[in-house]
Amino acid sequence: GTYDSMATVIEPMSFPEGWKIYLAETIKRAVKIPVIGVGVIRSPEFAEQALKEGRADFIALGRALLADPHWPRKAKEGRVKEIIPCISCNECIGGRTFRNLHVRCAVNPATGREGWLQRLPPEKKKKVVVVGGGPAGLMAALTAKRRGHRVTLYEKSEHLGGQLRLAAAPPGREKIAWFGD
């Protein structure tokens, strides 16, 4: 179907950051107009380096902004460690777009729900206990904390992230571990 033929257009998780910046660089040498570099650009450091080296005149972000719409502001303010990185899982567009489904993001549950999912402060701050430090537990704890509650997270194992470590074990899937980070 359509999804199968289009799947090769979207880079999989295993592709390195900025792997197609060479295309912008090549076009830039041939034209006298500004050229935009795009494609799996995850970090402000990579984007800035590509600009400094003259490989592109501008940098465009796609999936990175679905993972963290505040990416540009955090980069500008030097808060790079706070950026939620896109793990290139393609949950956002891989198949969803081609099946006319709403956009989603595996690392940002607010993506595609911004119109109705608001972080309103609670009327009464509470003590919240979250049992389990897997992806859902971590997100529940983070959401409650952001809303102003006092949160305690309990996890029986030595590591947070639940089965993320197992999911990140196969070759080319290492970026899944970033979600836990």
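**Exercise 1.** State in which loop asparagine 90 lies, and decide whether asparagine 90 is buried or exposed.

*Solution.* Asparagine 90 is placed in the loop between α5 (71-76) and β3, where helices (H or I, at least four residues) and strands (E, at least two) are DSSP runs numbered from the N terminus. This is a predicted model, in which local features need pLDDT of at least 70, side-chain atom pairs count only at pLDDT 80 or more, and totals for chains, interfaces and linings use all residues. Residues are numbered from 1 along each chain as its sequence is written, and side-chain values use heavy atoms, with hydrogens and water left out. Buried means under 20% relative accessible area, exposed over 50%, and partly exposed in between (1.4 Å probe, protein chains only).

**Exercise 2.** Find on which side of α6 its buried residues Gly137, Ala141 and Ala144 lie, and what covers them.

*Solution.* Begin with the helix: the 12 residues of α6 (residues 135-146) should span 16 Å at 1.5 Å a residue, and the end C-alpha atoms are 16 Å apart, which agrees; the expected span is 1.5 Å times one less than the number of residues. In α6, Gly137, Ala141 and Ala144 are buried. They cover an arc of only 70 degrees around the axis, so they are on the same side of α6, the arc being that of the directions from the helix axis to the C-beta atoms. The cover of the buried residues of α6 includes β3 (127-131) and β4 (150-154), with contact meaning heavy atoms within 4.5 Å.
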